[in-house]
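Here are my notes for you, as numbered points. Have the model open while you read.

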Amino acid sequence: MKTYFNFILPLSIFCLCIFFGINCVKPDSKILTGLDILENSDFGFLKEKRVGLITNQTGLNQNGIQNVNLFLASPNVQLKAVFSPEHGFEGMVQAGEKINSISNSPSGIPYYSLYGKTRKPSKEMLKGLDALVFDIQDIGIRSYTYNSTMGLAMEAAGEMGIEFIVLDRPNPLGGEKIEGNILNREFSSFIGMYPIPYIHGLTTCELASLINKKGWVKSSCKLTVVNMENWQRKMIWEDTKLEWIAPSPNVPTSITPQYMAATGILGELGVFSIGIGTEKPFEFIGAPWINKIEMAEKMNHLKLSGISFNPITFSPTKGLFQDEEVNGIQLHISNFEQAELLKIQFYFMVAHDELYPNKNPFKLATKSQLNMFDNALGTDQFRLVFSDDSNINYIEDFLKKIDSNFIEMKKQVHLYE
């Protein structure tokens, strides 16, 4: 089916600008999310539609009110079902833990888990619905399961002839930074499903539009996107002045996604702690055998733009090396625009190989962990070469090329300047 773009906006001087995909922003203008825009329209767009809502704890309006409560309070909304992704409706469940559906909620509305018996809404779950609304905060990197949940729900909506409506929210990494290789579809998995770079520079609505436009789902849907107002591509989260609501337990702050991009793939090997189980997840890299002073000196000697490294000892309260003393480095991103985030974990691997040649992480990892590493990176080519020849030149060759075709595809779905 064809992709449709409907922009629900309050009457203002910005209407024509946003209709044509341009945000005309006044200085200090308050950013309104897609939910805020929908609420300002008195949810008229949903009138006479039986609605299913895919959301979690991040689905708040500008006043901190949950979208479920807004829908239930509006006479224009017939909320019939709520769906939640990994980590659950309240976002408190740890990564990888299965979640059961709830049929006896206080509101009488079923709460379906999309991270339990199924990750795709079933026909039974969607029976009687006219529209599915998606309103979840993303983090701006490919390896995050909420993107996959959205795509599978879009596919289910297409199969059932149900309209799919996405309420936009800011990309915390902004709309300009792009890093990493395009995922090879052979390595498509629930942690990374679509052929986009690791840092993709798209908002949720833009990504949904690209997924639908390129036919990356088996059955495309009638897609409606609800733009934000006053967001610009150059903005990272700190520029938005919005309150950060942790989208999952290990993403506590608005800068955590920056560090996830810098260490998250390395963490899949299960050889190095990346700070999970500490107050700063993804900001550390370490292992019990590492000399933290030597490692920090080696990393700082590289003089990487926009980032520095401090020696640190930490003790995770959960996960890898739980309650053990771990030595390593703490990352400090001082200039987000200059820092090449994805490369950092691979530079660490080079330094580690030079200091500890007998502890090759690819040989220490299990087969399952190697598969997770490949899936997160979107290819096995890096591992196959790098495990035998860990050199900086290969990192540069592998990651420096930005796919020009993706750049052009990306521009076709831009909704903001």
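**Notes on the model**

1. C205 counts as buried because its relative accessibility is 0% (buried is under 20% relative accessible area, exposed over 50%, partly exposed in between, with a 1.4 Å probe and protein chains only). C205 is in no disulfide, and the nearest cysteine sulfur, on C221, sits 12 Å away; a disulfide here is a pair of cysteine sulfur atoms within 2.5 Å. C221 is buried too, at 0%, and the structure holds zero disulfides.

2. Before going on: this is a predicted model, where local features need pLDDT of at least 70 and side-chain atom pairs pLDDT 80 or more, while totals for chains, interfaces and linings use all residues. Numbering starts from 1 along each chain as its sequence is written, and side-chain values use heavy atoms, without hydrogens or water.

3. Beyond four places in sequence, F164 is in contact (heavy atoms within 4.5 Å) with residues including I54, L132, F134, M150 and C221.

4. F346 turns up again in α10, where F346 and F348 are among the residues that meet α8, whose own side includes I265 and L266. The axes of α8 (residues 256-267) and α10 (residues 344-355) come within 7 Å and cross at roughly 55°.

Note on methods. Axes are lines fitted to C-alpha atoms, for helices over the stretch in contact, and angles run from 0 to 180 degrees between N-to-C directions. Helices (H or I, at least four residues) and strands (E, at least two) are DSSP runs, numbered from the N terminus.
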